[in-house]
Amino acid sequence: MIELYYWPTPNGHKVTIALEEMGLPYVIKPVNIGRGEQFEPAFLAISPNNRMPAIVDPDGPGGAPISVFESGAILQYLGRKSGKFYPVDERARVKVDEWLFWQMGGLGPMAGQANHFRNYSPTLLPDMRFSAYGANRYTNEVHRLYGVMNIELASRDYIGGDYSIADMISWPWVAGQSSAMIQMEDFPHLTAWKARVGARVAVRRALERAKEIQNIPLVQQTGKDLEEARKMLFGQRAR
Ligand SMILES: N[C@@H](CCC(=O)N[C@@H](CS)C(=O)NCC(=O)O)C(=O)O
C-alpha cells in the first residue's frame, strides 16, 4: 500500500484526490507541520525540502520501493503508475504538463503567499510596514491567475483537455481558503469548474479522508506553543 505523508492543506489534498481518483490503495501518515514533524530525520530522508506531501510506494519501478516528494512529481508518478488521468499521447501530455507546472510555479506559491500576508503578517510582525504591499501584490497575482484559468475554461470543461491531474493539482487552490479573498463572480467559468470538480465522488472521498486527521490540532491555539509553531513555520532559514 502506498504511504502518503500528509497534512490537510491544499498541497496535501492534491494527492488524496489523485489517489482516490486512480483507485490506488494508500495509508495516511500524518506529518504535523505545526509540531515540526517535517524536520524529523526519517521524513527528511524522503522529503529533503521539509515539506509534505511525499509518498513511499513499496512497489515502485522494478518492484523496489521508491519515494517521491513535490506534489507535481507525485501526481505525474501516480498518473504513470496507474495509467489514469495523465495521457500517454505526447500532444495531450504536453497540455497537461503545461498546466501542472503553471500551478506548481504560479497558482500554488502565489496563493500561498497571499494567504500568508493576509492572514499572518499583521499579527506576526505588527511593526512591519510592508505587509499591506505584500498582501496586495499576491492577491492581485492570484486574481490574474484565476483570470487565466477562467479564459481556459470558457471553451472546455477541464483544464488543458479531459479531466486530468492538471485539474486535481489546481482545484484545492481554488476551492479552499484562497477563493475567499477573490471576487469569484469575476470568474463564472472557473466557478462552474470548481463546482464540477468538487462534485466528483473521489474528490468528496479525499476531503472525507482529511477529516480523519483534522482533529489533530495544528498547533495549540494559545500561548507559547502557538508562538513557537509560528516561529518555526514562518521564520525558516537554511539549517
Ligand atoms: N512545492 C511543494 C510545497 C509543499 C508545501 O508547501 N507544504 C507545506 C504545507 S502546504 C509544508 O509542508 N510546510 C511545512 C513547513 O513550512 O515547514 C509541493 O507542492 O509539494
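Arg200 counts as partly exposed, at 23% relative accessibility. The model that shows this is predicted. The side chain of Arg200 meets that of Glu21 in a salt bridge, with 2.7 Å from N to O. Arg200 lies in the loop between helix 9 (188-198) and helix 10 (201-214), and Glu21 lies in helix 1, so the pair ties together parts that are 179 residues apart in sequence. Glu21 counts as buried, because its relative accessibility is 12% and the cut-off for buried is under 20%. Side chains of opposite charge can pair when their charged atoms come close.

A search of the whole structure finds nine salt bridges. One of these links Arg144 and Glu141, whose closest N and O atoms are 3.0 Å apart. Both residues lie in helix 6 (residues 131-154). They are three residues apart, about one turn of the helix. Arg144 is partly exposed, with a relative accessible area of 46%. Glu141 also counts as partly exposed, at 23% relative accessibility.

A further salt bridge joins Glu208 to Lys211. Here the closest N and O atoms are 2.8 Å apart. Both residues belong to helix 10, and again three residues, about one turn of the helix, separate them. An α-helix has 3.6 residues a turn, so residues three or four places apart point the same way. Glu208 counts as partly exposed, at 45% relative accessibility. Lys211 has a relative accessibility of 45% and counts as partly exposed.

Helix 1, which holds Glu21, was examined next. The helix has 13 residues, residues 10-22. At 1.5 Å a residue, helix 1 should span 18 Å. Its end C-alpha atoms are 19 Å apart, which agrees. Of the 13 residues, 11 are buried, so helix 1 is largely enclosed by the rest of the structure. The buried residues include Gly12, His13, Lys14, Val15 and Thr16. Ile17, Ala18, Leu19, Glu20 and Met22 are also among them. Just after helix 1, Gly23 takes a positive phi of about 70°.

Most residues other than glycine have a negative phi, and most peptide bonds are trans. Glu70 has a positive phi, near 80°. Glu70 is found in the loop between strand 4 (66-69) and helix 3 (71-82). At 36% relative accessibility, Glu70 counts as partly exposed. Phe85 has a positive phi too, near 65°. The place of Phe85 is in the loop between helix 3 and helix 4 (90-119). Phe85 counts as partly exposed, at 23% relative accessibility.

The backbone has a further feature at Met52 and Pro53. A cis peptide bond joins these two residues, with omega about 10°. Pro53 is placed in the loop between helix 2 and strand 3 (54-57).

Another loop runs between strand 2 (26-30) and helix 2 (41-46), and Asn32 is found there. Asn32 is buried, with a relative accessible area of 3%. A polar atom of the Asn32 side chain lies 3.1 Å from the backbone nitrogen of Gly34.

For Ser71, a side-chain N or O atom is 2.6 Å from an oxygen atom of the ligand. For Arg51, the distance from a side-chain N or O atom to a ligand oxygen is 3.2 Å. For Asn50, the corresponding distance is 3.3 Å. Taken alone, the ligand exposes 510 Å², and the protein buries 82% of that.

Definitions and conventions. Residues are numbered from 1 along each chain as its sequence is written. Side-chain values use heavy atoms; hydrogens and water are left out. A polar contact is a pair of N or O atoms within 3.5 Å; within protein, one must be able to donate a hydrogen and the other to accept it, and residues adjacent in sequence count only if both atoms are side-chain atoms. Accessible areas come from the Shrake-Rupley method with a 1.4 Å probe; for residues, only the protein chains shown count as cover. Helices (H or I, at least four residues) and strands (E, at least two) are DSSP runs, numbered from the N terminus. Buried means under 20% relative accessible area, exposed over 50%, partly exposed in between (1.4 Å probe, protein chains only). The expected span of a helix is 1.5 Å times one less than its number of residues. A salt bridge is a side-chain nitrogen of Lys or Arg within 4 Å of a carboxyl oxygen of Asp or Glu.
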